Amino acid sequence: MTTRTNTARAGRSVLENWMPEVTPVAVADAGSVTIDNTGPFVAGSYQRFTMTYMAGRYGIDDSGCLKVCYRFASDMGRPQFTDPAAPNYVKVTASNGATLDVRFDYKQNTRPWDRTIYIKIVAGFMKEGDTILIEFGTDSRGPGIRMQTFVDPEFCFRVLVDPIATYTFVDVPGVPVMPIVAGPAARWHAVLPTCRAVGDEFSLGIRADDLWGNPTSNRGGERIQLVCRGAIEGLPETVPFDPAAPATEISGLRAIQAGRVSVDLVADGRTLTSSNVLVVEPELKLRAYWGDLHAQSGETIGSGTAHDYMTYARDCAFLDAIGHQGNDFQITGEFWYLLNGLMRDWNEPGRFVTIPGYEWSGNTSLGGDRNVFYRTEDRVIHRSSHALVPERSDLATDCWDARALFEALEPKAADTVVWAHCGGRYADIKYAHHHALERSVEVHSSWGTFEWLAADAFESGYRVGIVGNSDGHKGRPGYEPPGASMFGALGGLTCYWLPELTRDAMFDALQARHHYGTTGSRPHLTVQGSFDQPVTVWTDDPRIAGARHAEATSVMMGDIVTGAPGDVEFEFCIESASPILDVEIRRGTEVLEVIRPHAASPLGSRCRIEWSGAEYRGRARQTVWDGSLKVEGARITGFAPINFFNPDRPLKQVSDQQLAWQSITTGNFAGVDLSLSSPDAVIEITNQLGSFRHTLAELSHQPVVHRLGKLDRELRLSREPDHYDQHALKLRRSIAMRAGDNPIWLRATFADGHQAWSSPIYILRD
């Protein structure tokens, strides 16, 4: 082994030049791995198998170690080593009796292989042929280990060994693949467009998912009937499934008259699901198209290939538009070329639009996460670092700071859009923002709900739109359940108002903020302002040199307006498959009015209990709400969970007067819809943040709110009517404008736990 002098070579730091030349152990000498049961395994199922590592030529020396790793995206049950009767028990032993120190860590290895069982030899050593047995759930007293909850035909462990005790690891070759497959159908989806004109052709998408949200062709033998409410033509009586495909699309449907349309899937007289609402207008200049522009595949930190990612988005999630946002410090030059090729090949105007780009993944102190979108596939990737990219030929294009990123992108701002978002890192838009580039903020993803990011923008005087996306890692853009991992919410979606489904039209909508975000549902939502005299409507922030503008007497969500009168007339319209619980009309962070469509309905023996919030803006944001409720003076006659996404943690009925649960929130909300036998009930809720006692009689439509600190942690209780029936709402309001910016927007909350946010209309007053 040789050591360099400290004479620096071009392109290397002084520290790197002091590093020794290391010739790692040859892969052929690293040993071998066998597994006695390699599946296939049903996603989320409990399984037992034994991995056997046989030491290679060097054995493993005293204090050497073995790492058994799996990928960041995997939500396989957390291995534990102490309780054989509990789930996820793992037993590790050496064939020669060597003493082993065994532990599990979520970040013990280089991403994306960072979930690691770390096995260190603390007394003794291994010689060639000795074995280490890693028994996953093989003790009959326990259920086994829960496999990851999402499909991956190439799931495997990565095994690394440090045989010479230098903490220099080499891959053990030939680790078997253990395919993860979908289970039987547990939930159905029917997807229509949201808004079309009379005479338009469209499709109905139908998909069956297993318990964990994986598309499945294991649908059973039921004959699925289609029952239409509304006027469309071309709909068959039954679903023409391909037996091998998890999803189907029925095309050639046509809207024949204005109104509200939905489709039920019915089997043996029971409704499996109802579609979203399609609003049919007599005529339209803009139509609604749905996209998830922010997620990534297995070439970076996600799962599955980018090709499979595109296939799911178009053919299973029934998206109209897709982006791919891999972490920049994992995107090699080769993958950047491949990814742009996919974006070019899959772009099909009128059917499926792709938006090239990547995630700039700078450290939080340097601006935090941003999404970068390009109009064309020939652009440069400006990485925040080359942390996991070995080639160094393009270091000169790196932008380690968000301000430097904006400076590098500025020359082509007309063909570039940036969003701020909160993932592992969160965007600090008070540290860095660019009026011409950063057009929107992402308030919801599978990481949670982040209205504070919009609040940061309003408080700073920025004029941004609102989006929701999945930020998914499980290969399911467009419908990303959180599974059983750190993700706390269903992935979001964004609806774009376009004159046509093309990339240029999408890019125009991105720059004009003509869109609204949701928590994953597809309600119809419009916000419009009207004027007696023409006003100036700005596509770009007026602070930008050469900002585009035009004259108009009506404006829509995302528009920036100058020359408006002191009072502005607004119209808000919502149509949803789920009943509308409440609508907040907001001016920036100020709530101007709360509309509860059921407020005029008689109060029933029903209580809605919600908990929400987070601990912190960063990764440690999960608030744990594990708890229970007891009822006195009544019985529980019915209950429904709200935003309980993890089947491992269901809402449970302990008795006819008690419920118990395990629940987390990450800025979003969860809860219980509770029906009781008497309005004289007393409800006591106990969780880790306290005990709360209320009589049903003291509650009303207006929730009682317990504010519990940290990042908007709240417990809310309200009394509700016995039945909800308000699925549509049209409001007209005259709102007085104040001096400065008036960002008028709305948030709608629905009975099924979903939410939607419009992009603001910005009325600027001197």
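This is a predicted model: local features need pLDDT of at least 70, side-chain atom pairs count only at pLDDT 80 or more; totals for chains, interfaces and linings use all residues.
**Figure 1. Overall view of the chain.** The secondary structure of the chain comprises six helices and 55 strands, and the C-alpha trace spans about 85 × 70 × 50 Å along its principal axes. A compact globule of 766 residues would have a radius of gyration near 27 Å, which agrees with the 28 Å of this chain. Of these 766 residues, 58% count as buried, while the chain exposes about 29700 Å², 49% of which is supplied by carbon and sulfur atoms. When contacts between residues at least 6 apart in sequence are considered, 72% of them join residues at least 24 apart.

**Figure 2. Close-up of the nonpolar cores.** The largest nonpolar core has 102 residues, and the ones with the most contacts inside it are Tyr358, Val441, Phe570 and Ile763. Apart from this core lies another, of 39 residues, which includes Met76, Ala94, Met147 and Val172.

**Figure 3. Close-up of the surroundings of Phe570.** With neighbours within four places in sequence left aside, the residues in contact with Phe570 include Gln528, Gly529, Leu731, Arg732, Arg733 and Ile735. Met737, Ile744, Ile761 and Ile763 are also among the contacts of Phe570.

**Figure 4. Close-up of helix α6.** Helix α6 covers residues 503-512 and is largely enclosed by the rest of the structure, because eight of its 10 residues are buried. The buried residues of α6 are Arg503, Ala505, Met506, Phe507, Ala509, Leu510, Gln511 and Ala512. After α6 comes Arg513, whose phi is positive, near 65°.

Methods
Residues are numbered from 1 along each chain as its sequence is written. Side-chain values use heavy atoms; hydrogens and water are left out. Buried means under 20% relative accessible area, exposed over 50%, partly exposed in between (1.4 Å probe, protein chains only). Helices (H or I, at least four residues) and strands (E, at least two) are DSSP runs, numbered from the N terminus. A nonpolar core is a set of buried Ala, Val, Leu, Ile, Met, Phe, Trp, Tyr and Cys residues joined through side-chain atoms within 4.5 Å. Contact means heavy atoms within 4.5 Å. The radius of gyration is taken over C-alpha atoms; the globule rule is 2.2 Å times the number of residues to the power 0.38. Accessible areas come from the Shrake-Rupley method with a 1.4 Å probe; for residues, only the protein chains shown count as cover.
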